[in-house]
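Please read them with the coordinates open.

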Amino acid sequence: MEKLVIEGGRPLSGTVQIHGSKNAALPILAACLLADGIHVIENVPKLLDIEVMLEILRALGCRAEHADERVILDTADVNSHHIPEKLMRQMRSSIFLMGPLLARFGKVQIYQPGGCAIGSRKIDLHLRGLESLGAVIDVSADTIKCSVEKLKGEDILLDLPSVGATENIMMAAVMAEGTTTIHNAAREPEITDLQNFLNAMGADISGAGTDTIIIHGVAKLTPCLYRVIPDRIVAGTLMIAAAVTRGTITLRNMDPKYLTAVIHVLKRVGVQIRTEDDIIYVNCMNRPKPVDQIVTSPYPAFPTDLQAQMMVLLSLADGFSILKETVFDGRFKHVDELNRMGADIRQDWNSAFIRGVPRLYGTTVEATDLRAGAALVLAGLAAAGTTVVEQIQHIDRGYDRIEEIFQQLGGQIQRCALIPKV
Ligand code: EPU
């Protein structure tokens, strides 16, 4: 059990290199199951969720090493289609293994997935998509069993552009008989990365990045060397961190086109941003301006994964703003914690009404989920006095040693052992 202790009120300054994307790496690691042999995946960050994914792959019979941001994964001896319950409950992304295991073994058994508590997070679109490809699915209170003689290509329309369902269906359909078309597919850059990875293994997929993805089934895939894209949410978090501390930072290794909506919103708030090929310069000298309304939506709109961090910035704005969350139905757990730091936020259903205050004040707060936790770190970096963030295992799911990232930028932040209360 650890906590972060932050002495706030210092502007961040300096340069950081953005690490690989968690949400791109997770489905790519799952997709390795589709081809027998040794895969080498580069730019894989050292995160709790990645370690859980590797644990699951080991439990299925893979050999996996993760050193220097590189995963070497040998899938030749995979011998199980049954994901252990304990690991499944630790991470929602274990659901991604359904598609590849079904394609490889014709069957898979999983448990209802766990993960960040940010809403109801149903999996009906995953299951319906796999059913459309011919899978027979048996859902009981806890377990989900899925089997199929031969997966067959189909036209699938998603009710909403779910990232995970799009990825799961892509992986199941890649070696199915015939052609699968996913309509109303998610358009996130991580989906394009998965398409690029699968194609590098010999798949025939096009359309990722648009709402129609076409997958022509192929007979066989072969392992390859692949480099995961940088993490646009980590980059966005750091851009907002620069703004909340009135700092000046440079992000390297991040293509700004993945952050178009974020850059647009930050400029409206008064943050100065300049971009080059894969460099983003961020500078904020003045108090942020309020915005009438920001709405989170699927890519390319403003991402839900930066909503909590953005709320910290708007809490410090010179006026009143509204932030509306439309992707998840339970992603406002940071509101109470920010109010405890002096913010003035009222929540009504999926909207937060934010009256900017001149200053936040340090206190002890609790990370309830990954991005809420990151937002509290940002609040702590901006606040007067000392902030202690507890339950930081949530933050470790998505940021590779967040304290070191901010220390590089001059942030006064330390990871310490948490002495349990008696
Ligand atoms: N949904 C359903 N049924 C389904 C699937 C999704 O109703 O079968 C609903 C969800 O309940 C949610 C909405 O659709 O309200 C969007 O969910 P989606 O499936 O798009 O999200 P996800 O695949 O579970 C990924 C990221 C999330 C990110 C969302 C949205 C990964 C591993 N996770 O989740 O990342 O917020 O897309 O962009 O890729 C994070 O990194 O903090 C994180 C939560």
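1. Basis. This is a predicted model, in which local features need pLDDT of at least 70 and side-chain atom pairs count only at pLDDT 80 or more, while totals for chains, interfaces and linings use all residues. Residues are numbered from 1 along each chain as its sequence is written, and side-chain values use heavy atoms, with hydrogens and water left out.

2. Aromatic pairs. Rings of Phe, Tyr and Trp (its six-membered ring) are paired if their centres lie within 6.5 Å; planes under 30 degrees apart count as stacked, over 60 as edge-to-face and the rest as tilted. The count by this rule is 2 aromatic pairs. Phe-197 and Tyr-226 make an edge-to-face pair, with 5.3 Å between centres and 65° between the planes. Phe-197 sits in helix H7 (residues 189-200) and Tyr-226 in strand E13 (residues 225-227), 29 residues apart, and the pair links these distant parts of the chain. Helices (H or I, at least four residues) and strands (E, at least two) are DSSP runs numbered from the N terminus. Phe-197 is buried at a relative accessible area of 0%, and Tyr-226 is also counted as buried, at 11%. Here buried means under 20% relative accessible area, exposed over 50%, and partly exposed in between (1.4 Å probe, protein chains only).

3. The stacked pair. Phe-320 and Phe-353 are stacked, 6.5 Å centre to centre and with 15° between the planes. Phe-320 belongs to strand E18 (residues 320-325) and Phe-353 to strand E20 (residues 351-355), so the pair ties together parts 33 residues apart in sequence. Phe-320 counts as partly exposed, with 38% relative accessibility.

4. Charges over rings. The rule asks for NZ of Lys or CZ of Arg within 6 Å of the ring centre and within 35 degrees of the ring normal. Lys-257 lies over the face of Tyr-258, 5.0 Å from the ring centre. Arg-274 lies over the face of Tyr-281, at 4.2 Å from the ring centre.

5. Nonpolar cores. A core is a set of buried Ala, Val, Leu, Ile, Met, Phe, Trp, Tyr and Cys residues joined through side-chain atoms within 4.5 Å. Which members of the largest core touch the most other members? Among its 80 residues, they are Ile-41 and Leu-97. Helix H1 (residues 22-31) gives the most to this core, 7 residues. A second, separate core has 72 residues, including Val-262, Val-312, Val-335 and Leu-360. Contact means heavy atoms within 4.5 Å.

6. Pocket and cavity. On a 1 Å grid over the protein atoms alone, a cavity is a set of points where a 1.4 Å probe fits but cannot get out, and a pocket is an open set with protein on both sides within 12 Å along at least five of seven lines; lining residues have an atom within 4 Å of a point. Grid points are joined across faces, edges and corners, and a volume is the space filled by probe spheres set on the points. The largest pocket has a volume of about 1200 Å³. It is lined by 44 residues, of which Arg-92, Arg-121, Val-163, Val-327 and Phe-328 are the closest to its centre. There is 1 cavity of 30 Å³ or more. The largest cavity has a volume of about 40 Å³, and its lining includes Ser-21, Glu-190, Asp-231 and Asp-305. H1 and H8 are the elements that give two or more residues to the lining of this cavity.

7. Helix H10. Of the 9 residues of helix H10 (residues 307-315), 9 are buried, so the helix is largely enclosed by the rest of the structure. Met-311 lies in this helix and is buried at 0% relative accessibility. Leaving aside neighbours within four places in sequence, Met-311 is in contact with residues including Leu-323, Phe-332, Val-335 and Ile-354.

8. Backbone. Most residues other than glycine have a negative phi, and most peptide bonds are trans. A cis peptide bond joins Tyr-299 and Pro-300, with omega about 15°. Pro-300 lies in the loop between strand E17 (294-296) and H10. Asn-184 has a positive phi, near 55°, and is found in the loop between strand E10 (179-183) and H7. Arg-246 also has a positive phi, of about 55°, and its place is in the loop between H8 and strand E14 (248-252).
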